Amino acid sequence: MSAAVLYGHGGMEALGLRADWPLPEPGPGQVLVRVAAAAVNNTDVWTREGAYGLPGRPEAKAGWRGPLEFPLIQGGDIAGIVSEAGTGVPAQWVGRRVLVDPAFYADDSEDAPPVGLLGSERDGGFAEYVVVDADRLHDMSASPLSDQELAALPVAYGTAMGMLERAGISSDETVLVTGASGGVGLALVQLAAARGARVVALTSGSKAAALEEAGAAATLPRDADPAILERRLASVAPGGLDAVADVAGGPWIERLLPALRENGRWVVAGAVAGPVITFDLRRLYLHNLHLIGSSMHTRAHFAALAGLARTGDVRPRIAADFPLSDIHAAQKAFQDGTHVGKITITPLPDRRPGGSPEVGSVAGRPPPSRHLG
């Protein structure tokens, strides 16, 4: 089968495209999924670069849970069709359209924290086929969403759902979202607005209209002078903020923490603007503020997200779709940051003039023979 294979930490040269990668075989309790669509996330880039660091060694090369085993197929976002069922899995799953929960959990409870991720601790969806545990499957037979829209959900929208739930953000509250035009940021805007919160989005001016269309009640320019930003924030949230959903990190905690109301919550799930920060601890304890770390989602969070996907009550914005053969271009487009929404990957042949039809497969064909190629 075709697969994008990561051979170690590094630049794009560490990520290679293979047309002869072995087809995985489902074990007991597992299924083989033909990937219809996948999507690109920050974790794919950071895992490739080894940008997560280690405790006490922020500069160390590592995956999000520590050292990784290579070679590795990345891709935590997976939508597809069950192609084969291992022993112990009901045969009714075969042929069914599914969304895959990418998280590994600490225990079997509904609220267990995630301790691993497909595409990180185990092979993911940047390939024609992937083996997953059957208990990760969510039936999407009735979903009105496209394969690309479904694939946009697991990591970004799962992370956003986890942030909103852990921070207890509810209707009629005012929440500010940093990095609002990215995958998780846009998901936060949509999901928070859908539950009745008033969303203030921090973004570049060129992306404001798209965020307002997604549900933001107001937008703020992230590159504004601090004094101007403070005045603008006071005008759109005169009573202060109930919560901040932060996927940027960096200087924003120091700059915006004073804007939180008494008992306000700051939930953080990213550090693209900088992982090491300073801020005045007195602002935290004197105002009974809550600083919450949020990594991905729980089973309960993902089940709620899957319910929204079945009904079409949440519809991700797709910025661009690339064939698997253009995985490098997809990651470069993602890193450019000029898009609003998700960048997706379709593991089909590149049929453009000059493309590489030998890499990929035709959707709907039987699984290829298993071989070591």
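The following legends describe several views of one predicted model.

In this predicted model, local features require a pLDDT of at least 70 and side-chain atom pairs a pLDDT of 80 or more, while totals for chains, interfaces and linings use all residues. Residues are numbered from 1 along each chain as its sequence is written, and side-chain values use heavy atoms, with hydrogens and water left out.

View 1. Of the 373 residues, 54% count as buried (under 20% relative accessible area, with exposed over 50% and partly exposed in between, using a 1.4 Å probe and protein chains only).

**View 2. The largest nonpolar core.** A nonpolar core is a set of buried Ala, Val, Leu, Ile, Met, Phe, Trp, Tyr and Cys residues joined through side-chain atoms within 4.5 Å. A second, separate core of 40 residues includes V45, I73, V98 and Y129. In soluble globular proteins, nonpolar side chains tend to be buried together.

**View 3. The surroundings of Y157.** Leaving aside neighbours within four places in sequence, Y157 is in contact (heavy atoms within 4.5 Å) with A152, A187, Q190, L191, L305, V314, P316 and R317.

**View 4. Helix α1 and its cover.** In α1, residues 42-49, the buried residues are T43, D44, V45, T47 and R48. The cover over these buried residues includes β1 (3-6), β2 (15-18), β3 (30-39), β4 (72-73), β8 (114-117) and α10 (327-336). Just after α1, G50 takes a positive phi of about 70°.

**View 5. G179 in a loop.** G179 is found between β11 (174-177) and α4 (183-194). Because its relative accessibility is 27%, G179 counts as partly exposed. Not counting residues up to four places away in sequence, G179 touches G185, L202 and V247. The C-alpha atoms of G179 and R222 are separated by 8.6 Å, although these residues are 43 residues apart along the chain.

How values were computed. Helix = DSSP H or I, 4+ residues; strand = E, 2+ residues; numbered from the N terminus.
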